[in-house]
Amino acid sequence: MNTITEQISFLKEEAETNSPKSPKSQKRTQGGIATSNVMMSAFVSGNAEVFPQILDLHVPDGAKIADVTYGTGVFWKNVDLSRYELLPSDIATGIDCRALPYENESLDAIVIDPPYMEGLLRNKKDHKAGAGSHSAFREYYSNGDEVNHDGPKWHGAVTDLYYKAGAEAIRVLKDKGIAIVKCQDEVSANRQWLTHVEIINHYEGLGFYTKDLFVVVRQNKAVIARLKKQVHARKNHSYFLVFVKVPKGKKRSQMRG
């Protein structure tokens, strides 16, 4: 090399060749395909149509699933039961979702869908709601006598039931087990209650990570028997909440997928 300039140029080229490439210089290869065929978060549909899609997305084949508020099995009407080991139960069969007979960390998934109207949880039978547009609740949940409690009243009875069922769910689920919870917000004593928010906050305190949320909008309009003055929007949507049990020693912020 005859000049200092040539020597400097040679050394630069050699350094660039031998030095490892910085992360910024490495190109990222994107995987996957472009498609619109994905599951959405909101449906104008029925529970029987939405529930199988939630299982497809969140519960693997072969999973042992306890539906602890099975009722007439509406959720499972369109599910291929050969794909799962289903353990159906209900208060009408003698199993209370707040005191399950399963061993600790023995289930892969659990389904919780208790009555979410405070009117169905009153102690006196002649004070119970559900004789009109919600009469199906009485049929599905042991004729409206599914809860005999001395705990909170009104809306507090609803959340108390969900909270105690959640405590049992965290006990019986394996690490990373799935809890699918059906709920609906309500107006009780002329006050708005965002039940799905209350459940999410409480379940995360129990040790769950809120992985997903689905909104189901009813396809028909509710009929009001006696309406004097409307002060809140009538609820025509409900939620499926999907929770994952956070393994011991992990934080919710570490949960992925």
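Modeller: The protein has five helices and nine strands; helices (H or I, at least four residues) and strands (E, at least two) are DSSP runs, numbered from the N terminus. The model is predicted, and local features need pLDDT of at least 70, side-chain atom pairs count only at pLDDT 80 or more, and totals for chains, interfaces and linings use all residues. Residues are numbered from 1 along each chain as its sequence is written, and side-chain values use heavy atoms, with hydrogens and water left out.

Read from the N terminus, the elements follow the order α-β-α-β-β-β-α-α-β-β-β-α-β-β. Of the 257 residues in the protein, 38% are buried, where buried means under 20% relative accessible area, exposed over 50%, and partly exposed in between (1.4 Å probe, protein chains only). Among contacts (heavy atoms within 4.5 Å) with a separation of 6 or more, 72% join residues 24 or more positions apart.

The requested part is the meeting of helix 4 (residues 155-172) with helix 5 (residues 195-206). Two packed helices are described by the angle between their axes and the distance between the axes. Axes are lines fitted to C-alpha atoms, for helices over the stretch in contact, and angles run from 0 to 180 degrees between N-to-C directions. Here the axes come within 10 Å and cross at roughly 35°.

Helix 4 contributes His 155, Thr 159, Tyr 162, Tyr 163, Ala 165, Gly 166, Ala 167 and Ile 170 to the contact, and helix 5 contributes Thr 195, Glu 198, Ile 199, His 202, Tyr 203 and Leu 206. By class, these are eight nonpolar, five polar and one charged residues; Ala, Val, Leu, Ile, Met, Phe, Trp, Tyr, Cys and Pro count as nonpolar, Asp, Glu, Lys and Arg as charged, and the others, Gly among them, as polar.

Leaving aside residues up to four places away in sequence, Thr 195 touches His 155, Gln 184, Asp 185 and Glu 186. Glu 186 is also touched by Arg 191, which touches His 232 as well, again not counting residues up to four places away in sequence. Arg 191 belongs to strand 7 (residues 191-193), and its C-alpha atom is 9.8 Å from that of Val 231, 40 residues apart along the chain.

Ala 169 is in helix 4. Ala 169 is buried because its relative accessible area is 0%. Not counting residues up to four places away in sequence, Ala 169 touches Ile 110, Ile 112 and Phe 208. The C-alpha atoms of Ala 169 and Arg 98 are separated by 8.7 Å, with the two residues 71 apart along the chain.

Lastly, the cysteines deserve a word. Cys 97 counts as buried at 7% relative accessibility, and Cys 183 is buried with a relative accessible area of 0%. The structure holds zero disulfides, a disulfide being a pair of cysteine sulfur atoms within 2.5 Å.
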